[in-house]
Amino acid sequence: MSADSDGVRCMQLRGGSSKGAYFLGADLPADPDARADLLLRIMGSPDERQIDGIGGGHPLTSKVAVVSRSTDDGADVDYLFLQVVPDRAIVTAAQTCGNLLAGVGPFAIERGLVAVSSETTEVRIRIMNPTIGYARARISTPAGRVRYAGDTVMAGTPFPAAPIEIEFPGSDRPLFPTGRLIDRFAGIEVTCVDAGMPVVLIRAKDLDLDGTELPATLEASAIRSTVEEIRRAAGPAMGLGDVTDTTVPKITIFAPPRHGGAITTRTFIPHRVHAAIGVLGAVSVAAAVRIEGTVAADLAPPGPLVRIEHPTGTFEVAVDVDGTRVNASSVIRTARKLSDGLVWPRTGKATG
């Protein structure tokens, strides 16, 4: 069979506050370069509108999940996240996506990779990029089918859906990859943290910001050059090498809460500003808030629950910390199946 003439099986889901194309690993080329070429042609890149593909013209809607049956005894499925850059011919696996992770369990059940067990089905997920990690997702499956409808309203999406609980066990990876709780880049104090997503935390006041600016305002401001200077300096210090052409680390600017949460955030991903906050980015922020000695530690709330304010609402993360180690964390997300069938790639190789 030829993808160009016969199409490729694809399910589109909203996962968390992102939207993506979900594929079985077996339905895509095994060679990473051939897979990237095919996905560029399916998603419509390079083109900022992605008008000739199924991408949505924004980093949050130009995402791909590749899901396969796992060979790991501790997991049911493997999940590889691929970011397809809208306006460039780039497909990168440099980071994972905790929002699309919300759709992995439902997709695995829908494709028969995991059998429904009861009213709630647990799917054990091995996250394959950039460093192997694990998650457990609990999906509502009454009457033997995934239930998408529900009453859980999640900031970053306008409509309610069924809740999906996602738990992340602790990791032996260094939580503070520079080996320090506070670093200084471009003359600014920061905390570099990685509890699943490499994040650099910066006080808004240190950038002469209020911390409540709209994403469009930040994207149009001169502060972007300072943010990028800090990001490029932090990359090698965090063991990520030259990050000029990568999407990590993320930069989160923070300020005291305005609406009853623990912290107010604005996150560069890395050049656009997130309308909300990514799942694993939120876990990293929550860990930094809860651990003494970081730039955000003075905002720590009592107890394990950290409510993170962002441009479109709040995100709650339960995080169990011990010293400078995260023992476990959990979040509630939602997902919804949007379409299921075949997609046809644009013919010819991507250019630009």
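## A guided tour, starting at a loop

Select D208 to begin: this residue is in the loop between strand β11 and helix α4 (215–219). Helices here are DSSP runs of H or I with at least four residues, strands are runs of E with at least two, and both are numbered from the N terminus. Before you go on, note that this is a predicted model, in which local features need pLDDT of at least 70 and side-chain atom pairs count only at pLDDT 80 or more, while totals for chains, interfaces and linings use all residues. Residues are numbered from 1 along each chain as its sequence is written, and side-chain values use heavy atoms, with hydrogens and water left out.

Is D208 buried or exposed? D208 is exposed, with a relative accessible area of 74%. Buried means under 20% relative accessible area, exposed means over 50%, and partly exposed lies in between (1.4 Å probe, protein chains only). D208 also has a positive phi of about 60°, although it is not a glycine.

**Next stop: the loop between α2 and β3**

Now select Q50, in the loop between α2 and β3. Its phi is positive as well, near 50°, and Q50 is not a glycine either. Q50 counts as buried, at 1% relative accessibility. P46 is in the loop between α2 (32–43) and β3 (63–69), and a cis peptide bond joins S45 to P46, with omega about 0°.

**Follow strand β12**

Select residues 250–255, which form strand β12; six of its six residues are buried. In a regular strand the side chains alternate between the two faces of the sheet. Look for this in the viewer: K250, T252 and F254 point one way, while I251, I253 and A255 point the other way.

Which way does β12 run beside β11? Strand β11 (residues 198–203) and β12 pair in the parallel sense over five bridges; to pair, two strands need at least two bridges between them in DSSP. I202 stands opposite I253 of β12. On to β13: five bridges join this strand to β12, and the two run antiparallel. There, F268 is the bridge partner of I251.

**Step across to β13**

Select I263, in strand β13 (residues 263–268). I263 counts as buried, at 0% relative accessibility. Setting aside residues up to four places away in sequence, the residues it touches include F254, A255, V285, L299 and E309; contact means heavy atoms within 4.5 Å. Try the distance tool on I263 and E309: they are 46 residues apart along the chain, and their C-alpha atoms are separated by 6.0 Å.

Beyond β13, find P270, in the loop between β13 and α6 (279–290). The peptide bond from I269 to P270 is cis, with omega near 0°.

Select Q95, in the loop between β5 (91–92) and α3 (98–110). Q95 is buried, with a relative accessible area of 6%. Leaving aside neighbours within four places in sequence, its contacts include F81, N129, M197, T247 and K250.

**Zoom out**

Finally, show the whole protein chain, with its six helices and 16 strands. The C-alpha atoms fill a box of roughly 55 × 50 × 35 Å, taken along the principal axes. Buried residues make up 53% of the 352 residues. Among contacts between residues at least 6 apart in sequence, 62% join residues at least 24 apart.
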